[in-house]
Amino acid sequence: MVMPSVDIFQSALRKAKRVLPTKGIANVAKRERNRGAKQLDALMKELAVPLRGYIENFPKRIYLHPYERSLIELTFGAGNYEEVLKKVDALRKKVVSVGKEHASLCAKSLSKKEAEERLTEGLEKLQEIFKCEGQAIDDLLYIAKTLRAMPVVDLEMPTLCLVGAPNVGKSSLVRLLSTGKPEVCNYPFTTRGILMGHITLDYQHFQVTDTPGLLKRCDEDRNNLEKLTLAVLSHLPTAILYVHDLSGQCGMSPSDQFMIYKEISERFGNHLWLDVISKCDLLKESPVVFITEDREVDHLELANYRKIGPEGALRVSVKNEDGIDKLKKKVHELLMSQMERIKSKRIQDNIKVLR
């Protein structure tokens, strides 16, 4: 929990002003400078202690799971998370330095009046520092609120990840495959909710999620939604269910879908994989060709893709429930294989540690 900078200072100031001089000091000047030094020291500590707690308790980026690191970069921008923590730490160090300096000056006062003036100067200086540089704490408060609102994803649980172009029917399949009602996961860098469901097989639990649609473009031009998809595939233990729509209903040509498919299959070909052609109830005998496509294409693989999709792909229809039973059976086999793969990797990792 992070308090607003104004609240931290006001709370610290109230506590510091309640600090009394050491008992038994008869000399008025000595008593006043003792009170001033103790109050400034107390204020410094009341300000510095919570800041140190924030710095120690917020996770260091290097210790985060790679998927969590990706989410932080997508949400706050590259390097901004660490920069805010550095500013908070710099503020803490400045508070300690200035607090000690003014407490020392107050302790050296030669009169009651001088001690009172030094106390006032010290309080005003610390307040000025917090007013000018306290925005770092408020930025950290925003980060804390945002992180708490992030969807919770089990980083070790086997996950079925539905991938494909936008509007190909991934969300409908997630609802169909999930054992219960999927949750809508809202990420701070997008207004589009991501469906996350669960599948239970033989007392084993699996995650199933749709992902934001991918467009035909290079990584440098991808938006945060597309980067989220790539982060899921790169860093979570995922099996891929790749969804194709050859009906023309999704708004992207089969040729463009083919290009994206080839790119993703080359990058993540080491994943367990299942191809699905959705909306098969809308397919015609002749393949759909967009006006932007070349009808007389010489690329044999692309020509076959337009007609029947990838080799071995399942054809399904959520509307008519065609192919759904077969899809569920294949998905269950895929997830059990993914579980065995994860167990095998854990055994290998343990062997490496023992060596």
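Start by selecting helices α3 and α8, which are roughly antiparallel to each other (an angle over 145 degrees counts as that). Helix α3 covers residues 66-76 and helix α8 covers residues 224-235; their axes come within 9 Å and cross at roughly 170°. Those axes are lines fitted to C-alpha atoms over the stretch in contact, and the angles run from 0 to 180 degrees between N-to-C directions. The helices themselves are DSSP runs of H or I with at least four residues, strands are E runs of at least two, and both are numbered from the N terminus.

Before moving on, a word on what you have open: this is a predicted model, where local features need pLDDT of at least 70, side-chain atom pairs count only at pLDDT 80 or more, and totals for chains, interfaces and linings use all residues. Residues are numbered from 1 along each chain as its sequence is written, and side-chain values use heavy atoms, with hydrogens and water left out.

Now show the side chains where the two helices meet. On the α3 side, pick P66, Y67, S70, L71 and L74; on the α8 side, N224, K227, L228, A231, V232 and H235 (contact means heavy atoms within 4.5 Å). Of these contact residues, 7 are nonpolar, 3 polar and 1 charged.

Zoom in on L327: leaving aside residues up to four places away in sequence, L327 touches L173, L177, L241, L274, V276, L314 and V316.

Next stop, R92 in helix α4 (residues 80-107). Is R92 buried or exposed? R92 is buried, at 12% relative accessible area.

Then jump to N320, in the loop between β7 (314-315) and α11. N320 is partly exposed, at 41% relative accessibility.

Finally, colour by domain, with bounds from an automatic or database assignment. The centres of domain 1 and domain 2, taken over C-alpha atoms, are 50 Å apart, and 9 residues of domain 1 are in contact with 11 residues of domain 2.

Notes: Parallel < 35°, antiparallel > 145°, perpendicular 65-115°, else oblique. Nonpolar A, V, L, I, M, F, W, Y, C, P; charged D, E, K, R; others polar. Buried < 20%, exposed > 50% of the residue type's maximum accessible area, 1.4 Å probe, protein only.
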